Amino acid sequence: MRKSTKVTAFCPLTKLLKSTRYREPHEGFIPFPRNVYQSNTSVRLFQDQVKSSIASLTQRKETALKTEAKQREKISQVKEQVKSVQTHVKAEFAKMHQSLTDREQRVMVDLRQREEEILKRMETSLREIQGKLESVEQELSELQTQMGKDALTFLQEESAANRRVSDEGFDLSVCEAELPVAKYQWPLKNTVWREIIDSVSPGTRLPFSP
């Protein structure tokens with residue numbers, strides 16, 4: 001019976017290392033003998049390793065470039081969305097601003113009309129009061145002058161005049177017309193906001209809506 005022989009496999013680089021005499025390390029020591037670097041087998045082994053590394057790194061580079069491109073695309077999308085939203089928000093606030101301006105003008109016109117109506121009534125009442133005041137002052141002045149005359153003249157003139165002061169027709173009153181201030185305060189806010197909401201296109205949410 002033929003005796004089996006154990007075969008040990010060595011890679012070319014291992015064989016070269018085994019066949020090389022060991023040398024003590026020294027300054028400038030080269031780990032591998034010159035014949036290793038000059039060996040075609042050794043060169044091919046290192047070239048294969050480098051090629052494998054290049055292929056792996058190339059794949060990683062392609063993956064990184066694709067990921068970078070996607071990230072840049074996402075950044076561009078966000079920037080475009082922001083521009084679009086900014087344009088929309090400005091347009092909506094422009095509508096509300098115009099609505100507020102129109103409402104302000106209408107309120108100011110109404111306020112001036114109210115002022116004219118109330119002041120007209122009050123000024124009419126004031127003129128009536130001033131007219132009666134002038135009449136009283138004139139009569140008072142005449143009586144004071146009369147009191148300064150001598151007794152005989154005073155008696156003669158007063159007897160002839162038969163003057164008497166009466167309260168008849170001397171009704172004085174203050175016009176109590178008041179400006180409806182409450183109309184231009186809190187209720188106005190509710191009215192204005194309703195008009196603003198109505199001025200926005202149906203189905204459009206306000207920019208500050210949750």
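Colleague: Glu92 and Lys95 both lie in helix H3, three residues apart, about one turn of the helix. How are helices defined here?

Modeller: Helices are DSSP runs of H or I, at least four residues, numbered from the N terminus. This is a predicted model, where local features need pLDDT of at least 70, side-chain atom pairs count only at pLDDT 80 or more, and totals for chains, interfaces and linings use all residues. Residues are numbered from 1 along each chain as its sequence is written, and side-chain values use heavy atoms, leaving out hydrogens and water.

Colleague: How many salt bridges does the structure hold?

Modeller: Side chains of opposite charge can pair when their charged atoms come close. A salt bridge puts a side-chain nitrogen of Lys or Arg within 4 Å of a carboxyl oxygen of Asp or Glu. The structure holds two. One joins Glu92 and Lys95, at 3.7 Å from N to O. In the other, the closest N and O atoms of Glu68 and Arg72 are 3.2 Å apart. Glu68 and Arg72 are four residues apart in helix H3 (residues 40-147), so about one helical turn separates them.

Colleague: Is Glu92 buried or exposed?

Modeller: Buried means under 20% relative accessible area, exposed over 50%, partly exposed in between (1.4 Å probe, protein chains only). Glu92 has 4%, so Glu92 is buried. Lys95 is partly exposed at 36%. Glu68 is partly exposed at 37%, and Arg72 is exposed at 54%.

Colleague: Where does Pro180 lie?

Modeller: Pro180 sits in the loop between helix H4 (151-161) and helix H5 (186-199). Pro180 is partly exposed, at 28% relative accessibility. Its C-alpha atom is 9.5 Å from that of Leu111, 69 residues apart along the chain.

Notes. Helices (H or I, at least four residues) and strands (E, at least two) are DSSP runs, numbered from the N terminus.
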